[in-house]
Amino acid sequence: MLFVEESIGVTEGARIPRQRGSLLLESAVRYAEDRHWDVFPGTWLEPVEGGEVCSCGRFDCALPGAHAARSDWASHATGSGDTARGLWSRYPRASILLPTGRAFDALDVPESAGFLALARMERMRMALGPVTCTPNRRMLFFVLPGGAPRVGGLLRRLGWTPMALDLFARGEGHYVAAPPTRIGKSGAVQWVRRPTPANRWLPDAGELISPLAYACGRDAVAARTRHITALSRIRRP
């Protein structure tokens, strides 16, 4: 079973949309079987008085329906398609969470910087792995595992101060939400570049860090310029 460029679980001949729980289950199984990614079910959205809240029960949840449901989540992640099928059969609305630091790490940047960097990488014909876009306007670039601890040093060698850039590396001990997971009312995580046989081999973090840092640096300058402009307008008599 291979990933295709259409939405996961949807074919040209499909006319009747399936229930969301079915799509989550199928996607989780495919990640485990086709990509050999570990997966584990997270929280989900519960209907409450015409709206939806996170199954964790917190009305102020920062990632409603898209975070780990238990502190020992790492020991419950599985790379077995059969186990994943059983988990999502039991929790059909659960979010799909992927541990980083195992099959891949992820470089997390603002959406605006991510699209700028992606366009530049594609012009340069760089080899890229899967890329997601979250409804809270972040983009995550999948890279080889083990790259996250090196990112700070890579940025310094390029002349950047890591704390000055909105660029984070997710490695061991972290996880990311995978499509088609929904995050509250904001929408669903989506693939910008889908997992395909062509991008099974992931790039190293060092290969992507320069265009990502450049784009994040431009983003930071633009944000400061907007802030200064806004302040000057407020101070005008």
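Predicted model: local features only at pLDDT ≥ 70, side-chain atom pairs only at ≥ 80, totals over all residues.
Local features need pLDDT of at least 70 and side-chain atom pairs count only at pLDDT 80 or more, while totals for chains, interfaces and linings use all residues. Residues are numbered from 1 along each chain as its sequence is written, and side-chain values use heavy atoms, with hydrogens and water left out.

View 1. Helices here are DSSP runs of H or I with at least four residues, and strands are runs of E with at least two.

**View 2. An open sheet of five strands.** Follow the order β8-β5-β7-β6-β12, with antiparallel pairing; two strands pair if DSSP finds at least two bridges between them. The edge strands, β8 (168-170) and β12 (190-193), each pair on one side only. Look also for β6 (residues 131-133) and β7 (residues 138-143), joined in the antiparallel sense over three bridges. Here V131 stands opposite F141 in β7.

**View 3. Helix α3 (residues 111-123) on the sheet.** The helix touches β5 (105-110), β6, β7 and β12, where contact means heavy atoms within 4.5 Å. The direction of α3 makes about 45° with that of β7; axes are lines fitted to C-alpha atoms, for helices over the stretch in contact, and angles run from 0 to 180 degrees between N-to-C directions.
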